Every structure is written in structure tokens, then in C-alpha cells.
Amino acid sequence: MMERQNVEQLAEWMRESEKTVVLTGAGMSTESGIPDFRSKKGWWKKIDPMSVSTTEALENEYELFHDFYQVRLTDLNACRPHSGHHVLADWEKQGLLSAIVTQNVDGFHHAAGNEKVFELHGSLRSILCSECGRGADEESFLNHKACLSCEGNLRPDIVLFGEMLPQDVWGEAIREIEQSDLLIVIGSSLKVAPANELPFLSTGKKVIINNEETYLHNAFDLHVDGNAGTVLETLQELVKEG
Ligand code: APR
């Protein structure tokens with residue numbers, strides 16, 4: 001249950017902070033109706049990620065790969081950012097938040113209005129040819145079309161297991177976090193590298209907002225146990241009170 005004094009402490013640290021950075025995971029979007037991966041209702045409880053979310057699956061099991069991402073993209077189009085996403089967008093406008101580094105591929109931070117967002121794992125909303133790299137629209141992917149240039153298989157522009165993160169985005173995310181004096185992790189099990197190395201690059205205060213304990217909990221100065229939307233709404237009130 002959310003301990004009020006921990007949220008109040010975080011609000012105080014936010015007011016004092018010169019540069020706050022937020023790192024989000026799939027737990028930031030479950031209240032929008034998008035499953036996360038590793039909690040009991042997560043994707044990887046139903047499907048082996050190695051069967052659908054790898055370059056191997058893309059090359060050798062394209063039908064399975066396509067079905068999986070077609071479902072995720074179709075579901076995503078029926079969902080919207082929740083109040084917690086909008087709080088983060090307000091904070092950027094109010095100068096309370098410098099940047100968001102996200103592992104999520106739903107594009108919801110941009111959709112809610114945040115401008116400085118580093119998408120470490122790419123975006124489901126961007127489609128390209130797996131052979132020649134030519135861009136394609138979402139409809140073509142959803143309708144199982146091939147690349148218009150080379151007839152190659154289309155894929156979402158996300159980082160699959162076994163692929164490198166976009167190095168420019170990774171480098172900028174590291175710089176932001178190294179320069180921050182407050183890092184707030186929201187809704188991540190911190191089980192996937194290299195994103196789970198980022199909290200250790202912060203020399204400032206580290207806080208985690210999560211609805212379960214993670215194995216890296218001891219690396220944090222403060223824990224807020226609760227749902228992202230509820231905690232962010234409460235934080236918004238406390239930070240406003242000043
Ligand atoms: N509020 C707070 N925490 C939540 C909420 C919520 N509403 N919903 C879920 N959580 C927590 C879960 O309990 C879990 O600890 O968020 C965490 C989500 O962890 P994962 O499902 O592992 O998601 P994430 O950490 O983002 O995974 C990282 O793994 O499969 C890859 O590329 C994929 O980007 C993803 C990466």
C-alpha cells in the first residue's frame with residue numbers, strides 16, 4: 001500500500017531537484033489496459049518471449065512473429081495514455097521533469113505531450129522493412145503486406161532480444177541520467193539489460209515507484225509501493241501544494 005510519508009518525501013525531493021529524470025517500464029502503461037511482461041498477467045506468462053520477440057523469430061517464424069505484433073499493435077490502438085502519463089507531461093511543462101527514458105514501445109509519453117523522451121526499445125508505431133529498411137505504414141503491417149520496394153517482411157521498429165539498442169538514444173539517455181540529481185523509476189522489474197544498468201549511473205537520489213518489490217530495491221533511496229497512476233496523481237497534488 002502507498003505509504004503517504006514516502007510520497008511526501010518524494011514530492012519534497014522533486015521541489016528541491018535541479019534535474020529530475022524518469023525511467024519508465026511496462027508498469028507505467030498497465031492502467032491504460034496494456035499488459036506488462038513479467039507480472040502475473042504479463043505477456044511472458046502466456047508466451048515464451050524467445051519464440052516471438054527475437055531476430056530468430058523474425059527470420060524463421062515470421063507468421064508467429066507477425067501475429068504477436070499484430071495483436072499488440074491492434075490492442076495498443078484501442079488504448080490511451082492514463083492520468084499518470086498526463087502528470088508527467090505537466091511536469092515537463094512546469095520544468096519539474098527534464099526527460100523521460102522509457103523501455104516502453106507504446107508511444108504514450110509522446111501522445112500525452114512529453115517532448116524529451118528517449119525510447120530505448122523503439123516504437124511499435126513505426127514500421128519498416130526487415131530486409132531493405134524502407135519505412136511502411138501501420139496499415140500495411142496490420143494487413144500483412146510486404147515491402148513495396150523489395151517484397152521483404154515488414155516489422156515494427158522495436159529492439160528485439162539479441163538486437164542492439166539505438167546507440168544515439170542510449171548515449172543521450174546515459175547523459176541525461178548521469179546529469180540528474182533525482183532519478184524516478186516507474187513500473188519496471190529492472191530485469192532487462194542494459195536498461196537496468198541505468199539506475200546505477202545516477203549519482204543523485206534514486207526512487208522507485210512500483211506495485212511489487214524488485215530485486216534491485218536495495219539500490220534505491222526511497223520506495224513508493226503502489227500503482228503508477230494513483231501515486232503520480234497524489235504526487236501532483238503534493239508538488240503543487242509546494
Ligand atoms: N503501477 C506500478 N507498477 C506496476 C503497475 C502499475 N500500474 N503494473 C505493473 N507494475 C509493475 C510490475 O509489478 C513489474 O514489477 O511493473 C513492472 C513491470 O515489469 P516488466 O513486466 O518486466 O516490464 P519492464 O520492466 O518494462 O520490461 C523491460 O522487457 O520484454 C522486455 O522489451 C521488453 O521493455 C520490456 C523490457
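Modeller: The discussion below goes from the whole chain to single residues. This is a predicted model, in which local features need pLDDT of at least 70, side-chain atom pairs count only at pLDDT 80 or more, and totals for chains, interfaces and linings use all residues. Residues are numbered from 1 along each chain as its sequence is written, and side-chain values use heavy atoms, with hydrogens and water left out.

Colleague: How many helices and strands does the protein have?

Modeller: Helices (H or I, at least four residues) and strands (E, at least two) are DSSP runs, numbered from the N terminus. The protein has nine helices and nine strands.

Colleague: What radius of gyration does the protein have, and what would a compact globule have?

Modeller: The radius of gyration is taken over C-alpha atoms, and the globule rule is 2.2 Å times the number of residues to the power 0.38. For 242 residues the rule gives a value near 18 Å, and the protein agrees, with 18 Å. Its C-alpha trace spans about 55 × 35 × 30 Å along the principal axes.

Colleague: What percentage of the residues is buried?

Modeller: Buried means under 20% relative accessible area, exposed over 50%, and partly exposed in between (1.4 Å probe, protein chains only). Buried residues account for 55% of the 242 residues.

Colleague: Among contacts between residues at least 6 apart in sequence, what percentage joins residues at least 24 apart?

Modeller: Contact means heavy atoms within 4.5 Å. Of the contacts between residues at least 6 apart in sequence, 65% join residues at least 24 apart.

Colleague: Which residues of α9 are buried, and against which elements do they pack?

Modeller: An α-helix has 3.6 residues a turn, so residues three or four places apart point the same way. In α9 the buried residues are A228, G229, V231, L232, T234, L235, Q236, L238 and V239. They pack against helices α1 (4–16) and α5 (83–93), and against strands β7 (182–186), β8 (205–210) and β9 (222–225).

Colleague: Where is K206, and is it buried or exposed?

Modeller: K206 belongs to strand β8 and is buried, because its relative accessible area is 13%. Leaving aside residues up to four places away in sequence, K206 touches L183, P199, A219, F220, D221 and L222.

Colleague: Where is E151, and is it buried or exposed?

Modeller: E151 is in the loop between α7 (138–142) and β6 (154–158). Phi of E151 is also positive, near 70°, and E151 is exposed, with a relative accessible area of 64%.
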